[in-house]
Amino acid sequence: MTQKKFELPVVSLPGVDDSYPPLKKSLMMIKYMHNYHIDEYEWFMRADDDLYVRNDKLEGLLRSLNSSDDIHLGQARTAAEGKGKLHLLPGDNYYVELGRCIQRYAGVPCTLSYEMRSLFFHNYTANKPILYGDLNTKAINDAITLHPLKEPAYMYRLHSHFMNKRIQDLQHEGVKLQRVLRTMDQLLQANPSNRLSLQKKLSLQDKRDFHHQLAVNNTEK
């Protein structure tokens, strides 16, 4: 990597260039993080520059895990790239080699499950690039990361999709909260001489939904 001035805090790794496959770059990156930042953060993330990350969903996943455990999290994918250069098996690529190295020297295998393949979405075909088509699908909406997005315009398009979805979710939550507030207002304004009957209270809102929403609101505070 040539020495340049970057607006981002880019680290130039000694002896590493942009040759492909970037196995050496990946290994040296992990070594650098271990040597200089291992005690500063709970998690480290390796990502390509054509990856879209949904930070809120990623945070939710990581908060459900114990960062003190030895965890190598990700999607074990395959591709033809790197074949014949790294002594890989058919269908393997340098990601596989990177995972083997971590497992061999750290004793931590990469997670391999259907759920991980869904959360860390990778799908691209020359005939029908899924991320360039209809975005309102379960596979895309459930994903934490999506890869690859080779064109900036499609990266912006995907970001716009998730922002619109977030707005819709917030509007829906706002409607539910307004219902709770109206219900609480009627309950609080009922004076002792004119108390609402149990049937009237229940008719304001379904009892289960009412208490469930209160619990959710208190938890999110």
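## Model confidence

The model is predicted, and its protein chain averages a pLDDT of 77 (the predictor's confidence in each residue, from 0 to 100). At least 70 is reached by 65% of the residues. Strand 1 (residues 52-53) has the highest mean among the elements, 96. Helix 8 (residues 207-220) has the lowest, 53. Helices (H or I, at least four residues) and strands (E, at least two) are DSSP runs, numbered from the N terminus.

Over residues 79-89, pLDDT stays under 50. The model has 21 contacts for this stretch beyond four places in sequence (contact: heavy atoms within 4.5 Å).

## Nonpolar cores

The largest nonpolar core has twelve residues, among them Y52, F121, L135, M155 and F162. Helix 6 (residues 152-189) gives the most to this core: three residues. A core joins buried Ala, Val, Leu, Ile, Met, Phe, Trp, Tyr and Cys residues through side-chain atoms within 4.5 Å. Buried means under 20% relative accessible area, exposed over 50%, partly exposed in between (1.4 Å probe, protein chains only).

Neighbours within four places in sequence aside, F162 contacts Y52, R54, I140, N141 and L146. A second, separate core has seven residues, including L58, L61, L62 and I144.

## F44

F44 sits in the loop between helix 1 (23-37) and strand 1. F44 counts as partly exposed because its relative accessibility is 35%.

## Basis

Residues are numbered from 1 along each chain as its sequence is written, and side-chain values use heavy atoms, leaving out hydrogens and water. In this predicted model, local features need pLDDT of at least 70 and side-chain atom pairs count only at pLDDT 80 or more, while totals for chains, interfaces and linings use all residues.
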